[in-house]
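Reader: I am new to this structure. Please take one part of it and look at it closely, then show me how it connects to the rest.

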Amino acid sequence: MMIEMRDTEKSFGARRVLAGLDLSVQEGEVYGLLGNNGAGKSTTINILTGLIGSDAGEVSVAGRPPSAEIRTLIGVAPQEIALYQHLTCKENLRFFGGIHRLRGSTLKQHVDRVVDTLDLSEYGDARVSTMSGGWQRRVNLAVAIVHAPAIVILDEPTAGLDVQARYELWEFVRTLRRDGTTVLLTTHMMDEAESLCDRVGILHDGRILREGSIDALCRVIPAAELAEVDVEDIALLLCRAGALGIPVRRYGGRTTLLLPAKTTLADLIGQFEGVPLRSVTLRPVGIQQVFLELTQPNRVSEGVGSGSCE
Amino acid sequence: MSAILFDSVRVAHRVLIELMRNRRLLFFWILFPTLMLLLFGWVYADEYGGLGPSFTWTAPGILLGAAMFFSCLGGPVSLIVGERERRTLRRLLLSPLSGTAYYGGVVLAHLAIALGQAAIVYGLTYAAGGGFRGSVWLGALILFLSAMCYVGLGFFFGARFAGRTEDVTGPVAAVGVPLLVMGGTFFPVELLPPFLHTLAQADPIYHMNMALKAVAQEGADIKAIALNLFFLLGFAACSLALGTRAYRQMLGRERAGA
């Protein structure tokens, strides 16, 4: 196990941030830590990197307790661009490689390798301040992996990126996985987790509510398919859904039907004849629904059965 | 130990490269002491019998007060605030770089800057016909201790008070400029009223100026400036301890809030 946290607790004053967190990440795995802001993602990273200690529980990284020494094994790409703007791309890489104990020709090899991997050769000698945001983010990532760490922690790596840059970063994470690097990815972007992660842990209020592969997590939802509906009369919809035995979920004004079996749009509209539907979209069960189901159970509205729904 | 030294050199190298690239800052760090030296050199030219002797008399105060005060005290403050604002401080915290090595690197970089400024100020002094009469090594020791005093205070202000770049000027100016005036940077301390003259004995800039002026103008030996050197040694130790403590507390806060 490359990362292991058992029953980890951490509080800042009266605020309990981690409340018995259990987390295990295997070697070579891409593990997604999904959570809202304030769920405890950053605190988890800070404990794993030895920046802060936990109040209780056991934590190990590559079989050792977190400390300054294990930081040579870890590369962290922070969410914000954290680079020396007056230095060039390669100078940043050399500086951060150097403080990760790389020296001489080894340092040069590592810098050249990472410049190649992230396709930075065109900007190698350009000052960071002259680069666009997208290229700066690429250098930000390069700095995290210049010392070829066994574990890479990516803290919301695609926040603020355009679509193309996101996809390029995803491809890079897949390259890391192919190379056998263990990746811990924190994100609140569900499609990112679905696309990249071998396993996902849903972090809420300082503990993992559920973890597993995307497929396994999707089985949490009692549905074969989802239908997102926009409806004029929600009471009527709830009533009809209840009569049909279809559970309904409402999150932030969006209404979703949990369909027990796959169906066609025409059949579904037929089942809800008389209910003024403005739009209906069928989609497969995804991690987003799982996340909402687990983290916001109080927003669940089960359909209410009734003999007549007029 | 060698890792700390290596990392300190690497940090110092980085700080100096950044400074060389920041042309505007570099320009003003050179322009300010140059203008001050020329200005005060001309002001005192009649009194000291020409531009050369006047530069010899003025150069120590300008170097320690006008040049190193802003570079070695203001420099670390801006550096720490900048690291915080650019988020590179967090990145450094996530690396194996120790706080000691970082601190050492900043000290090294500012010593190098102080040497560069000394070369400029004394280059101009020699060009104007003035000079440095005493031991260069003793002068270097005074510069070293002065830089230590300033950098320690710079770390203290940077880590303790300056949350953003805009916050830098206030504490540095409020505390530093009165110390410069009382320390005899711009005019002789004999002009101070007696109670301020007594108070000036507790001002590290006063001891920097007295020691360097004695060596530069009169060729004083180490015994003649022993009291000033002891004061500076003590103050450097205190300010470094204060700076280290404030820096560690800041790192603790950064870790907890990172």
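This is a predicted model: local features need pLDDT of at least 70, side-chain atom pairs count only at pLDDT 80 or more; totals for chains, interfaces and linings use all residues.

The largest nonpolar core has 157 residues. B:Met68 is among the six members that touch the most others, along with B:Leu63, B:Tyr102, B:Ile225, A:Leu93 and A:Val200. Helix α4 of chain B, residues 51–85, gives the most to this core: 16 residues. Chain A takes part through both of its domains, with at least three residues from domain 1 (3–212) and at least three from domain 2 (220–302).

Now the meeting of the two chains. Chain B brings 25 residues to the contact, and chain A brings 37. Between them they bury about 2,900 Å², and carbon and sulfur atoms give 59% of that area. Polar contacts join 13 residue pairs across the two chains. There are two salt bridges as well. One pairs the side chains of B:Arg21 and A:Glu91, at 2.8 Å from N to O. On the chain B side, the elements giving two or more residues are α1 (2–21), α5 (88–93) and α11 (226–257). Helix α1(B) gives the most, with nine residues.

Stay in chain B for one more residue. B:Thr125 is found in helix α6 of that chain, residues 99–127. Is B:Thr125 buried or exposed? B:Thr125 counts as buried, because its relative accessibility is 0%. Its side chain reaches the backbone oxygen of B:Val121 at 2.7 Å. Leaving aside neighbours within four places in sequence, its contacts are B:Leu37, B:Phe55, B:Thr56, B:Ala59, B:Gly130 and B:Gly131. B:Gly52 is 73 residues away from B:Thr125 in sequence, yet their C-alpha atoms are 6.9 Å apart.

Next, inside chain A. The centres of its domain 1 and domain 2 are 37 Å apart, taken over C-alpha atoms. Ten residues of domain 1 are in contact with eight of domain 2. The two domains of chain A bury about 870 Å² between them, 78% of it on carbon and sulfur atoms. Three residues of domain 1, A:Met190, A:Ile202 and A:Arg210, supply 51% of the area that this domain buries against domain 2, more than any other three. Zero salt bridges are found across this domain interface. Two residue pairs make polar contacts there. On the domain 1 side, β3 (30–35), α6 (190–196), β8 (199–204) and β9 (207–212) of chain A each give two or more residues. Strand β8(A) gives the most to that side, with three residues.

End with a lysine of chain A. A:Lys10 has its place in strand β1, residues 3–12. A:Lys10 counts as buried because its relative accessibility is 11%, under the 20% cut-off. A polar atom of its side chain lies 2.9 Å from the backbone oxygen of A:Gly53. Not counting residues up to four places away in sequence, A:Lys10 touches A:Gly53 and others, including A:Arg15, A:Val17, A:Ile47 and A:Asp55.

Key: Residues are numbered from 1 along each chain as its sequence is written. Chains are lettered from A and ligands numbered from 1 in the order in which they are written. Side-chain values use heavy atoms; hydrogens and water are left out. A nonpolar core is a set of buried Ala, Val, Leu, Ile, Met, Phe, Trp, Tyr and Cys residues joined through side-chain atoms within 4.5 Å. Buried means under 20% relative accessible area, exposed over 50%, partly exposed in between (1.4 Å probe, protein chains only). Helices (H or I, at least four residues) and strands (E, at least two) are DSSP runs, numbered from the N terminus. Domain bounds come from an automatic or database domain assignment. Contact means heavy atoms within 4.5 Å. Buried area is the accessible area (1.4 Å probe) that two parts lose on being put together, summed over both. A salt bridge is a side-chain nitrogen of Lys or Arg within 4 Å of a carboxyl oxygen of Asp or Glu. A polar contact is a pair of N or O atoms within 3.5 Å; within protein, one must be able to donate a hydrogen and the other to accept it, and residues adjacent in sequence count only if both atoms are side-chain atoms.
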